[in-house]
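I opened this entry to record what I looked up in the model, going from the overall build to single residues.

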Amino acid sequence: MRYVNAHEVLPEELLMEIQKYVQGDLIYIPKPEKERIQWGVLSGERQRLQKRNDQIKKQFQQGVALQELAEQYHLSTETIKKIIYRKR
């Protein structure tokens, strides 16, 4: 998120209307819903975690113990359980 001065991007009439409600404070203006990108999509992190979770599920199905998976992936056994039993 970057800082933008309202004087540089908003018409004077709109700026004066907004100033009736907020003056001198930072205000967040969200993107329209259809333009939002889910967390991790651009960085590839979402895909990396999905691949890791798929590996955890596969190993569990092959008989690897919860505790062993937790140690291998540096996660708690509760987190491993959530990954294994989560429905897509």
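My notes on the fold come before those on the residues.

I am working with a predicted model, in which local features need pLDDT of at least 70 and side-chain atom pairs count only at pLDDT 80 or more, while totals for chains, interfaces and linings use all residues. I number residues from 1 along each chain as its sequence is written, and my side-chain values use heavy atoms, with hydrogens and water left out.

**Overall build.** I looked up the secondary structure and found five helices and zero strands, in the order α-α-α-α-α from the N terminus; helices (H or I, at least four residues) and strands (E, at least two) are DSSP runs, numbered from the N terminus. I then checked the radius of gyration, which is 23 Å, whereas a compact globule of 88 residues would have one near 12 Å; the radius is taken over C-alpha atoms, and the globule rule is 2.2 Å times the number of residues to the power 0.38. Along the principal axes, the C-alpha atoms fill a box of roughly 65 × 20 × 20 Å.

I noted that 16% of the 88 residues count as buried, where buried means under 20% relative accessible area, exposed over 50% and partly exposed in between, with a 1.4 Å probe and protein chains only. Of the contacts with a separation of 6 or more, 32% are between residues 24 or more positions apart, a contact being heavy atoms within 4.5 Å.

**The core.** Which residues make up the largest nonpolar core? I listed eight: I56, V64, L69, A70, Y73, I80, I83 and I84. Such a core is a set of buried Ala, Val, Leu, Ile, Met, Phe, Trp, Tyr and Cys residues joined through side-chain atoms within 4.5 Å. The elements giving two or more residues to this core are α4 (66-73) and α5 (77-85).

Leaving out residues up to four places away in sequence, I found that Y73 touches R52, Q55, I56 and Q59. Q59 lies in helix α3 (residues 45-61) and, with the same exclusion of residues up to four places away, touches V64, L69, Q72 and Y73.

I next looked at H74, which lies in the loop between α4 and α5. H74 has a positive phi of about 60° although it is not a glycine, and I counted H74 as exposed because its relative accessibility is 71%.

**Helix α2.** My last entry concerns M16, placed in helix α2 (residues 12-18). M16 is partly exposed, with a relative accessible area of 47%. From C-alpha to C-alpha, M16 and K34 are 28 Å apart in space and 18 residues apart in sequence.
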